[in-house]
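Here is a friendly walk through a protein model, one feature at a time. Keep the structure open and look for each part as you read.

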Amino acid sequence: MSYLTKNYNRKNISFKYGKGSFLYSTDGKKYLDFVQGIAVNSLGHTHPKLVKAVRTQSKKLWHVSNAFKIPEGEKLAKKLVKKTFADYVMFQNSGAEATEAAIKVARRYFYSIGEPNKNRILCIKNSFHGRTIAAIHASGSKKMTEGFGPKAGGFDHFEFGNHQSLKKKIKKNTAAIMIETIMGEGGIKVIPNWCLKELRKICNKKRILLILDEVQCGIGRSGDFFAFEESKVKPDIVPIAKGIGGGFPIGAVLMNKKVAKGMTVGTHGSTFGGNPLAMAVGNSVMDIISNKKFLHQVKSVSRYFILNLNKIKNDYPKIIKEIRGKGLLIGVKLNTNQTKFIKKLMDNNLLTIRAAENVVRILPPLNVKRNEIDQALRIIKKVCSEIK
Ligand SMILES: *Cc1c(COP(=O)(O)O)cnc(C)c1O
């Protein structure tokens, strides 16, 4: 008997401990973990530097209110600003909180310049921005919003890839366009660089803010620190979460100074957001991932992985339809049953997770080793050969 609510379809497996790319189950099996808490454990399980950060900070100070200065948070904010487009950072605890706060920042900006009616947020239909009331309505997904009462107002939606639909949905009162730079839950769909550039142009022309949700694809996951960097586009607001905590719950909103002006005293707050313990971990993650050499290595491993996945695809075209993604945010779109495929990978000690459009999501830690990639490739190939 479990006293937990039934809102998850949990697999009948639990783990005793984890180390790097591996998880060790309570029934004595060793798994290659290419889920990593859904792109959360960016440095694998129990990374020694993160263990040390928690240990050291936990003996000094865990939590103080944001009514006081928190030097660890000042430090992490400075690192994020030095590394990115951003001028200011606002810490939260999760992805949904970060996307909601991003919406608040956008609306508050137009309010602060005397245009309170310019407050609508335009998003991609069936995208994913989290599970709070506002975030589910931002996603525009029937499945996620059904049964949760009155619709949160102020959201419009356009179809992925349909630029006519995008242009038609832009109104005078559109405050921001919010999209995931790479759609994670939606099936690892990469927004091409030319699209991002075009979006920026449209936003500039119509005085609309550009919010790029990098909760899943950010913090090195794409091979760049942010997935939009290659396009040279500068967004106005970027919510982050998952990868920045390396397993510790951290969220944040990064923004430029123009929009930050609206966030005056009392406009937003979070009891836990940016507490010393979380920030100590975040600083350690940031020090490792923001290193150029580290990101270079992510790209190189990614090229190797994707090249070899494509080879398997070419050998088994009836099973694999397409390899998608960027960096170590990889999707294997199947022609065959997704649930069965994931189960078979798990039976062979490789953990992966589903995404929409019959895609198997593969999310190794960013410091994954070449021989661990080889191990995964062998298992994927074996499963392909066993499925008829
Ligand atoms: C996971 C995710 C969220 C929500 O994050 P939570 O921490 O689960 O609230 C928001 N946006 C994107 C793109 C995500 O992948």
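## A helix and its neighbours

Which elements do the buried residues of α8 pack against? They pack against α7 (163–169), β7 (174–180) and β10 (209–213). Keep in mind, as you look for these elements, that this is a predicted model.

Helix α8 covers residues 193–206, which is 14 residues. From its first C-alpha to its last it reaches 20 Å, close to the 20 Å expected at 1.5 Å a residue.

The buried residues in α8 are C195, L196, L199, R200, I202 and C203. They lie on the same side of α8 because they cover an arc of only 165° around the axis. Turn to the other side of α8 and you will find W194, K201 and K205, which are exposed. Just after α8 comes R207, and this residue takes a positive phi of about 55°.

## Two helices that cross

Now move along the chain to another pair of helices. Two packed helices are described by the angle between their axes and the distance between the axes. Helix α12 (residues 338–347) and helix α13 (residues 370–386) have axes that come within 10 Å and cross at roughly 125°. That angle makes α12 oblique to α13. The crossing in which α12 passes α13 is right-handed.

Which residues of α12 meet residues in α13? On the α12 side they are F341, K344 and L345. Their partners in α13 are I379, I380, V383, C384 and E386.

Most residues other than glycine have a negative phi. Is T46 buried or partly exposed? T46 is partly exposed, with a relative accessible area of 47%.

A second residue to look for is E357, in the loop between β16 (353–355) and β17 (359–362). Phi of E357 is near 65°, again a positive value in a residue other than glycine. E357 is partly exposed, and its relative accessible area is 34%.

Notes. Residues numbered from 1 in each chain as written. Predicted model: local features only at pLDDT ≥ 70, side-chain atom pairs only at ≥ 80, totals over all residues. Heavy atoms only, no water. Helix = DSSP H or I, 4+ residues; strand = E, 2+ residues; numbered from the N terminus. Expected span 1.5 Å × (residues − 1). Buried < 20%, exposed > 50% of the residue type's maximum accessible area, 1.4 Å probe, protein only. Arc of directions from axis to C-beta. Contact = heavy atoms within 4.5 Å. Axes fitted to C-alpha atoms, helices over the stretch in contact; angles between N-to-C directions. Parallel < 35°, antiparallel > 145°, perpendicular 65-115°, else oblique. Left-handed = near helix turned anticlockwise from the far one by under 90°.
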